[in-house]
Amino acid sequence: SGPVGPEFDPTKLEAILDAYERQGGTTVRGSEAARFAKSQGGEALYLPAEGGPGTLIIPSGASRLAVTEELLHLGQHRGLGWPTSTPLLRAVIEVEAQDALLKLARTQRWSAAEVGKITTNRGVWVQDLINQVAKVRQGG
């Protein structure tokens, strides 16, 4: 499905991405970002890197929801000390991000479509988390 909700403020986004690059992060922008994100099934992406800042892939015109989610993921990885990503960690991070997005969406009165997409995404990630925990319990 395509973008849901309004575009993230482009001026603010450029300032955020420029600041992230100054802090040692990598960004991919514009049409290259759009192509890559689409190939990965997303609108925007944060690709974590072990031991340091990863790559923010944010195309022009990305939605408020997509950009905010990827910035949340960046903050989560930073807060955890740039850990090695595992399927279990990814599921935990995704569920936490969806919870934070729901809280933000309600506080800032985002659209019903945005809240609906977050709720749907959360359900998918909760199921993935359950599956990942089951795998760990089975020793794999």
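Me: Where is the place of W82?

Reply: This is a predicted model, in which local features need pLDDT of at least 70, side-chain atom pairs count only at pLDDT 80 or more, and totals for chains, interfaces and linings use all residues. Residues are numbered from 1 along each chain as its sequence is written, and side-chain values use heavy atoms, with hydrogens and water left out. Helices (H or I, at least four residues) and strands (E, at least two) are DSSP runs, numbered from the N terminus. By these runs, the place of W82 is in the loop between α3 and α4.

Me: Does W82 count as buried or exposed?

Reply: Buried means under 20% relative accessible area, exposed over 50%, and partly exposed in between (1.4 Å probe, protein chains only). W82 has 16% relative accessibility, so W82 counts as buried.

Me: What is the phi of W82?

Reply: Most residues other than glycine have a negative phi. W82 is not a glycine, yet its phi is positive, at about 60°.

Me: Which residues does L74 touch, not counting residues up to four places away in sequence?

Reply: Contact means heavy atoms within 4.5 Å. With residues up to four places away in sequence not counted, L74 touches Y20, Y46, L56 and W82.

Me: At what angle do the axes of α3 and α4 cross?

Reply: Axes are lines fitted to C-alpha atoms, for helices over the stretch in contact, and angles run from 0 to 180 degrees between N-to-C directions. Angles under 35 degrees count as roughly parallel, over 145 as roughly antiparallel, 65 to 115 as roughly perpendicular and the rest as oblique. α3 and α4 are therefore oblique to each other. The axes of α3 (residues 64-79) and α4 (residues 87-107) come within 10 Å, and the crossing angle is roughly 130°.

Me: How far apart are the axes of α4 and α5?

Reply: α4 and α5 (residues 112-137) pack at an angle of about 155°. That makes the two helices roughly antiparallel. The distance between their axes is 8 Å.

Me: How many nonpolar residues are in the contact of α4 with α5?

Reply: Ala, Val, Leu, Ile, Met, Phe, Trp, Tyr, Cys and Pro count as nonpolar, Asp, Glu, Lys and Arg as charged, and the others, Gly among them, as polar. In this contact, residues including L88, V95 and L102 of α4 meet residues including I118, W125 and L129 of α5. Four residues of the contact are polar and five are charged, while the number of nonpolar ones is 15.

Me: Does R109 count as buried or exposed?

Reply: R109 lies in the loop between α4 and α5. R109 is not a glycine but has a positive phi of about 55°. Its relative accessibility is 75%, so R109 counts as exposed.

Me: How far apart in space are S111 and V4, C-alpha to C-alpha?

Reply: S111 lies in the loop between α4 and α5, and at 30% relative accessibility S111 counts as partly exposed. S111 and V4 are 107 residues apart in sequence, while in space their C-alpha to C-alpha distance is 8.9 Å.
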